[in-house]
Amino acid sequence: MWVVVTAVRPKLLSCIKSFQSHRTLKTWLADPIVHLSGLKHATGEAEYTDDMVPVQGELFGSLVLSTVAHGKILSIDTTAALKLPGVVDFFDAKSISPKNQEIFAANEVTCEGDIIGFIVAIDPLIAEAGAKLVSIQYEVLPAIVSIEQAIQQESFFITRTLRSGNSDVGSVFSSCDCLIEGEMRLGGQEHFYLETQSCIVRQHSDGDIDVYSAAQGLDHVQSGVAGALGLSHHKVKVHCRRIGGGFGGKETRNVIVAIVTAVAAQKLNKAVRTVMNRQDDMVATGGRHPFHCKYKVGFGRDGRISVVKATLYSNAGNSVNDGSRTVMERALLSMDAAYTIPNWELVGVVCKTNLASNTAFRGYGGPQSAMFCENIMDAVAETLGKPTVEIRRMHLKVEGDRTPCGWQLENVTLTKCWSECFKNSEYEDRLKKVNQFNEENRWRKRGLAIMPIKHDVGFGATVLNQAGALVLVYTDGSVSLNFGGIEMGQGLVTKMVQIASRVLEVPADKIWFSECSTDKVPNATATCGSMSSDLNGMAVIDACEKLRKRLKPYKDLNPGGSWEDWVSAAYLNRVCLSATGFYEMGHLNYDFDNAAANVGMSPSNYPVFGVACTEVELDCLTGFHSLLRTDIVMDAGESLNPAVDIGQIEGAFIQGYGLFCMEELLYSPEGLMLTKGPGSYKIPTAGDIPKEFYVSLLRGSPNPKAVYSSKGLGEPPLVLSASAYFAIKGAIKAFRIDQGHSSLFRLDCPATVERVRNACPNSSLLQEKDDESRCANKCEVGGVWAVRA
């Protein structure tokens, strides 16, 4: 059954969602049901970590952070802070055992936001005030802020290489009709989850520790806290009901908040709560890795690309331990985007700078390299004077094509997605209208861009591809569902309840999920990488299948009975009504250090495909633009919940729009963040949503490699928003051609108002600034020179 849902707000917003329904009797699986906590989210009734009622005597903590990007600590004076009424204690490197002193910076700080100490007080505002009263003297040392500075000073952590096709790329280049060289940079991005990093630690009289953490990976928190306190893992119980957004930012960086809070709780034998304010969170916890790409491309006069040679640089910040190595590896593996090119020579360099350690962020390196590949497609088209849509279409991946690492793709639906989006978006007719609009308007221009995506789903480290579940059935027929995944608004709990409902053949309203907890499901893989439904869903199926088999004899004896009758009969016959489930996915791996080990291995479980078409209107005098319309066709396999999946697609698109077109992190030349909080760091809001927004899930594309033929959709749709960037670039091209300037120019990401305006020279009589000066890595903000990382 094909379903179309239409919502229209006259003159404001029009949106259509279409999907295929696979409704099954008595269960909600594949139904577009509302997120089970959606009403609570909308009314403010959903409980997050900081909403928990404080216990008697609970204290509050605030981090004391470095205020310089690089320097030696000369002295720490806590006199004024400890005299403040309500301040209880101060903790730093001297407060803990030597083996755990790396938790606090003791002698040297290597970024603004390095944790130097921890103030505990009877009130959160007093704790924050006390933290600001801690006086620290530094010997300031030179700081490396940007990728360009890191390259200049050869400040690198690691280098990775990936080659495919002809090993002698020089000979391939020499045989090409055309060669181009260029570069592009893509800035970082702040996670800007609505709930900042939060943690509550409560110690019991027997030495057990309860940790309530807003974390994507409870196993990380458990091992970090246990190690810092010298406890066995079973003594540390970590709990999480839900988190207010994560996007990768709470995968590892939340651990530092949990550790310092736990140290204070143990020393004081009191419950301690830490909730970071927005400014401290942005400064201390890092974000998406900024990238810089230098490339050389060889291609024929027909536009067919033969070879790409590229060097990717990423800004890891002051540490490589928060995923920077694997982010770069994923970027290299994703550099082909949705296209097949026979020869690649790729180098990835992870740069060491004096910024807070950058970490996982939705897409995990894939969006950065995919954008670079799309920019190459655009440059080839402009060089030849051909439509970009033609160059993209001729390189689309098809069944059996291989990626640069040699992975052969199966169930490739890219051409189908492209055709459907091309038709749905009325691309050809609208392109004519866009061209006509541009001919009739001098200072306002429109752009239209269609582009595909391929995103690979699956952890490259085999050990992470596992999950557990625990299902408990009570004598009244109610069911308690437990699994290792974290609900962060993406609808994971909703989907798991739907799966359990189908397997047990019980109404979904009898199934309840209370919280994720390490004492229910141990050693759980962090919720990230678009893998949570795939892994946890299969573990839930395993547990529920065991229970269904145990109940089957009683169902057969009483076929007309109810679920409660069968459960009661099983209990009276002493049948176990609890079951654990476990799932391990096949071996996935790609070893950059040992090519021989990659034979027969896959770096991911399956690819996800999609296509987006976006139209924008640009005011060339100011640089402001608006999104007029976006059409998306996404291959979601057989969706577990179309409503949730379409919501994921829309949310990912808007977050990616922020990355490519709006959000920009700026730093002083000394390495201090200038864009702290929403006053200076702008994220997309309701007014930035396309005026017409159409999302369609591809029909008839089951995925045999995931739970109930579905596909993971947390990360893949984000890159679709690059279509907005290229639509903006198309509008700029139209303006530049009118003014007598070249249509081949460099436009770094994000395409901010400033950057777009600089790319639109007003008159052909004015001498255009060269690309290097227009795209320089410096700008002025409020009279202060700012550096882009």
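The following questions and answers walk through parts of a predicted model.

Visitor: What is the order of the strands in the open sheet of eight strands?
Guide: This open sheet has mixed pairing, and its edge strands are strand 5 (87–91) and strand 22 (516–517), each of which pairs on one side only. Read across the sheet, the order is 5-7-3-14-11-12-13-22.

Visitor: Which residue in strand 7 is the bridge partner of Leu63?
Guide: Leu63 belongs to strand 3, where it lies on one side together with Leu59, Gly61 and Leu65. Strand 3 pairs with strand 7 in the antiparallel sense over six bridges, and it is also joined to strand 14 by three bridges, with those two strands running parallel. On the strand 14 side, Leu59 stands opposite Val272. In strand 7, the partner of Leu63 is Phe118.

Visitor: How many residues of strand 3 are buried?
Guide: Both faces of the strand are covered, with Phe60, Ser62 and Val64 buried on one side and Leu59, Gly61, Leu63 and Leu65 buried on the other. Helix 3 (residues 124–133) lies across strand 3 (59–65), strand 5 and strand 7 (115–121), while helix 7 also lies across several strands, strand 3 among them. The number of buried residues in strand 3 is seven of seven.

Visitor: At about what angle does helix 7 run to strand 11?
Guide: Helix 7 lies across strand 3, strand 5, strand 7, strand 11 (198–203), strand 12 (209–213) and strand 14 (272–275). For helix 3, the angle given is the one to strand 3, which is about 25°. For helix 7 and strand 11, the angle is about 30°.

Visitor: Which residue in strand 22 stands opposite His239?
Guide: Strand 13 and strand 22 run antiparallel and are joined by two bridges, and strand 22 is one of the edge strands of its sheet. The residue that stands opposite His239 is Ser517.

Visitor: Is Arg253 buried or exposed?
Guide: Arg253 is found in the loop between strand 13 (236–240) and helix 7 (254–268). Leaving aside its neighbours within four places in sequence, Arg253 is in contact with Gln197, Ala284, Thr285, Asp322, Ser357 and Thr359. Its relative accessible area is 10%, and because the cut-off for this class is under 20%, Arg253 is buried.

Visitor: How are helix 17 and helix 18 oriented to each other?
Guide: Helix 17 (residues 642–661) and helix 18 (residues 722–738) have axes 8 Å apart, and the residues that meet include Phe653 and Tyr657 in helix 17 and Tyr725 and Ile728 in helix 18. The residues of this contact divide into eight nonpolar, one polar and no charged. The packing angle is about 45°, and the two helices are therefore oblique.

Methods:
Residues are numbered from 1 along each chain as its sequence is written. This is a predicted model: local features need pLDDT of at least 70, side-chain atom pairs count only at pLDDT 80 or more; totals for chains, interfaces and linings use all residues. Side-chain values use heavy atoms; hydrogens and water are left out. Axes are lines fitted to C-alpha atoms, for helices over the stretch in contact, and angles run from 0 to 180 degrees between N-to-C directions. Helices (H or I, at least four residues) and strands (E, at least two) are DSSP runs, numbered from the N terminus. Angles under 35 degrees count as roughly parallel, over 145 as roughly antiparallel, 65 to 115 as roughly perpendicular and the rest as oblique. Contact means heavy atoms within 4.5 Å. Ala, Val, Leu, Ile, Met, Phe, Trp, Tyr, Cys and Pro count as nonpolar, Asp, Glu, Lys and Arg as charged, and the others, Gly among them, as polar. Buried means under 20% relative accessible area, exposed over 50%, partly exposed in between (1.4 Å probe, protein chains only). Two strands pair if DSSP finds at least two bridges between them.
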